[in-house]
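Dear colleague,

Please find below the structure that I am handing over to you. My notes on what was found in it follow directly after.

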Amino acid sequence: MKTKQLVALGLCLLTLSACGNLDMGISKTDDGEKTESGSITTGRVDDSVYQAIMPDGHYETSAARDAVASLNSGYNQENFENGLLRLSHEAFSPDKYFFQEGQHLDYDTLSSWLARNTDDNNQGLNPADKNQPLILQQILEHDFIEEDGKTLGGISLGFAFNSVYYDGNKATAVSREEIMANARKSVNSVLTRMRKTKGLEKIPIMVGLFEQAAKDDIAGGKYIYTAVAKNGATTIDQFDKVNEEYVSLPILSGSENAATRDGVATKFTTFRNTVQNFFPNLTGVTATAYYAEEQLQSLTIKVDSKYYTKTEITSFTQYLGKQLESIFADVKGQLEVQILSVEGPQAFVSRKAGEKEIISYIFN
């Protein structure tokens with residue numbers, strides 16, 4: 001009897017011990033913050049970024065995320081989406097509004113609006129004549145929720161227009177004048193239609209006009225105008241010019257742009273030459289500089305390498321960090337160097353805007 005009791009006690013102790021080890025592995029998760037309405041937010045680690053709202057405790061994707069019309073390159077798509085959020089800051093501050101992907105324009109609606117205007121589809125916002133290029137390529141909606149977590153406070157709409165229209169192997173240039181002629185009609189038509197939706201009659205709607213670059217332009221397109229329709233307005237008579245520019249580096253000889261005027265182009269050339277002189281097996285060093293109001297906001301450098309061992313990548317990353325720290329010491333914008341290979345990202349080096357500390361990370 002005593003033997004059986006000792007065995008039972010031993011099993012209990014083993015079980016408790018195992019449970020204790022499991023408990024030590026449990027970490028506390030962040031369940032987010034709740035608004036007055038009970039909606040959960042994602043929280044944020046950067047005050048310049050919107051908190052997303054999750055009404056049912058789950059992130060809601062756009063109602064039109066699978067819309068057939070998309071931009072012609074990842075560079076254009078990235079600038080289009082990020083730029084709309086950036087422009088939205090002025091109308092809908094991240095300190096006062098939560099972000100939600102667009103819930104009012106669905107797939108079918110956008111598909112009909114982005115098509116040609118024909119007898120079968122009088123909702124189309126593109127020219128009926130098939131011999132004319134498609135001008136309006138995509139519409140993107142962002143929603144902004146007030147602090148109570150349930151009231152729609154505003155909407156941002158990005159309108160992407162083609163500067164080059166591709167029809168098979170044929171490329172047709174679209175002038176700025178043609179873009180703006182379509183934009184004035186399309187924006188006012190969309191505002192009129194949206195104002196008929198319950199809940200959207202009076203809310204402010206911020207509009208951004210994006211000029212999509214050619215598909216081989218690695219800098220991507222940019223926003224050219226913006227405006228806000230307030231108090232139920234269905235028309236916009238005056239657009240404000242957006243002073244932003246994306247510059248591809250290195251720059252062709254004789255070109256002039258924001259990067260040549262402030263010396264960033266020369267600094268990049270110094271950086272590229274230094275890196276290529278000291279390290280072999282580099283297939284390319286390129287960069288994209290983003291400017292707003294003629295001031296550098298960010299410089300992203302991409303280095304394509306053929307390094308494979310951990311020691312090679314580690315040495316290379318440290319060297320890049322020191323060069324970044326030295327060459328771009330007086331550059332105030334955000335800096336990032338991405339070290340890439342055919343197998344994917346290998347490492348990155350970065351420095352936040354206005355700071356001196358260089359941060360690096362090497363992927364396993």
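Histidine 142 is buried, its relative accessible area being 6%; buried here means under 20% relative accessible area, exposed means over 50%, and partly exposed lies in between (1.4 Å probe, protein chains only). The model is a predicted one: local features need pLDDT of at least 70, side-chain atom pairs count only at pLDDT 80 or more, and totals for chains, interfaces and linings use all residues. Residues are numbered from 1 along each chain as its sequence is written, and side-chain values use heavy atoms, with hydrogens and water left out.

Histidine 142 belongs to strand S5; helices (H or I, at least four residues) and strands (E, at least two) are DSSP runs, numbered from the N terminus. Neighbours within four places in sequence aside, histidine 142 is in contact (heavy atoms within 4.5 Å) with Glu81, Leu84, Leu85, Phe99, Gln100, Gly102, Gly154, Ile155 and Ser156. Serine 156 is 14 residues away from histidine 142 along the chain, yet their C-alpha atoms are separated by 5.1 Å.

The sheet

S5 is part of an open sheet of six strands, in the order S4-S5-S6-S9-S10-S11 and with mixed pairing. Strand S4 (98-101) and S11 are at the edges with a single partner strand each, so one side of each has no neighbour in the sheet. Two strands count as paired if DSSP finds at least two bridges between them.

S5 and S6 run antiparallel and are joined by nine bridges; phenylalanine 144, for instance, has glycine 154 in S6 as its bridge partner. These two strands form a hairpin with six residues between them, and glycine 149 in the turn has a positive phi of about 85 degrees.

The pairing of S6 with S9 is parallel and extends over eight bridges. Opposite residues in S9 can be listed as follows:
- isoleucine 155 faces isoleucine 205;
- glycine 158 faces glycine 208;
- alanine 160 faces phenylalanine 210.

S9 in turn is joined to S10 by seven bridges, and these strands run antiparallel. Glycine 208 stands opposite threonine 226 in S10.

How many residues of S6 are buried? Eleven of the eleven are, so S6 is largely enclosed by the rest of the structure. S9 is likewise mostly covered, with eight of its eight residues buried. From S9, Ile205, Val207, Leu209 and Glu211 point one way, while Met206, Gly208, Phe210 and Gln212 point the other way; all are buried.

The nonpolar cores

A nonpolar core is a set of buried Ala, Val, Leu, Ile, Met, Phe, Trp, Tyr and Cys residues joined through side-chain atoms within 4.5 Å. The largest such core has 37 residues, and Ile139, Phe159 and Leu209 touch the most other members. At least two residues of this core come from each of helix H3 (107-113), strand S5 (136-145), strand S6 (152-162), helix H4 (176-194), strand S9 (205-212) and strand S10 (222-229). H4 supplies the largest share of this core, seven residues. Another core lies apart from it and has 34 residues, including Tyr291, Leu296, Ile313 and Ile339.

Leucine 209 touches Phe159, Phe161, Met180, Ala183, Val187, Lys222, Tyr223, Ile224, Tyr225 and Phe239, if residues up to four places away in sequence are not counted.

The second largest pocket

On a 1 Å grid over the protein atoms alone, a pocket is an open set of points where a 1.4 Å probe fits, with protein on both sides within 12 Å along at least five of seven lines; lining residues have an atom within 4 Å of a point. The second largest pocket holds about 380 Å³ of space, where volume is the space filled by probe spheres set on the points, which are joined across faces, edges and corners. It is lined by 19 residues, of which Arg86, Leu87, Glu90, Thr226 and Val242 are the closest to its centre. Two or more lining residues come from each of helix H2 (74-91), S10, strand S11 (240-241) and strand S13 (282-292). With five residues, H2 gives the most to this lining.

The chain as a whole

The chain has seven helices and 17 strands, and 43% of its 364 residues count as buried. Of the contacts with a separation of 6 or more, 60% are between residues 24 or more positions apart. The accessible surface (Shrake-Rupley method, 1.4 Å probe; for residues, only the protein chains shown count as cover) comes to about 20,500 Å², and 49% of this belongs to carbon and sulfur atoms.

With kind regards
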